[in-house]
Structures are given as C-alpha cells and as structure tokens.
Amino acid sequence: MAGSSHGHTPAAWTGVIIAFIGFCVAGAFMVMAQPVGFWAGMALTLLGGVVGGIMRAMGLGQPKESRTPPHTAPAATREPAAAES
C-alpha cells in the first residue's frame, strides 16, 4: 500500500479530520460524564464518514480504476513416474 496513493485525497483528509475531532469530543465528554456531549461527539464522528463519502462522490476522492483480477498460474500437477522395465 505504500506505493499507492491510498487516502491522499481531499475527501479522505476531510473525513478523517472531522471524525478525529468527533472522537476527541466524545472522549472528553465521556470523561466528564456528560452523555449529551458524548453523543454529539459520536454524531460528529459519523458525520466525518458521510462528508468523506459525499466528497468522494463529487470527484474529490481517489479515481476508480478498472481492476482486472490478478493472473494466477495454473495449478501444478504431477505426472506419474515412468515405469522402468
């Protein structure tokens, strides 16, 4: 995966940053024992995924490539040993 540009798009960065902020908000409110703030942070986390998906649909994500299945070599078969006379 290091050789590809997996995730290096505006859609991916925006979605991850929003989700990370939501995760931090939810974690802070969990420690403060405030359920409403926790669920607001969880909503932000989900919003990050939605925003990233919308941006990808708008063309700001990784372009889809036509993938062909990887070529596999035929299975090796063993021929019976020749009978020696």
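**Note on a helix pair, a pocket and a loop residue**

1. In this predicted model, the axes of helix 1 (residues 10-31) and helix 2 (residues 35-60) come within 7 Å and cross at roughly 175°, where axes are lines fitted to C-alpha atoms, for helices over the stretch in contact, and angles run from 0 to 180 degrees between N-to-C directions. Helices here are DSSP runs (H or I, at least four residues), numbered from the N terminus. Helix 1 is therefore roughly antiparallel to helix 2, a term for angles over 145 degrees. The contact of helix 1 with helix 2 is formed by 16 nonpolar, eight polar and one charged residues, with Asp, Glu, Lys and Arg counted as charged, Ala, Val, Leu, Ile, Met, Phe, Trp, Tyr, Cys and Pro as nonpolar, and the others, Gly among them, as polar.

2. The second largest pocket holds about 160 Å³ of space. Its lining has 10 residues, and those closest to the centre are Thr9, Ala12, Arg56, Gly61 and Gln62; lining residues have an atom within 4 Å of a point of the pocket, which is an open set on a 1 Å grid where a 1.4 Å probe fits, with protein on both sides within 12 Å along at least five of seven lines. Helix 2 gives the most to this lining, with three residues.

3. Ala33, in the loop between helix 1 and helix 2, has a positive phi of about 55° although it is not a glycine. Ala33 is exposed, at 57% relative accessible area, exposed meaning over 50% with a 1.4 Å probe and protein chains only.

4. Residues are numbered from 1 along each chain as its sequence is written. Local features need pLDDT of at least 70 and side-chain atom pairs count only at pLDDT 80 or more, while totals for chains, interfaces and linings use all residues, and side-chain values use heavy atoms, with hydrogens and water left out.

Methods
Helices (H or I, at least four residues) and strands (E, at least two) are DSSP runs, numbered from the N terminus. Angles under 35 degrees count as roughly parallel, over 145 as roughly antiparallel, 65 to 115 as roughly perpendicular and the rest as oblique. Grid points are joined across faces, edges and corners, and a volume is the space filled by probe spheres set on the points. Buried means under 20% relative accessible area, exposed over 50%, partly exposed in between (1.4 Å probe, protein chains only).
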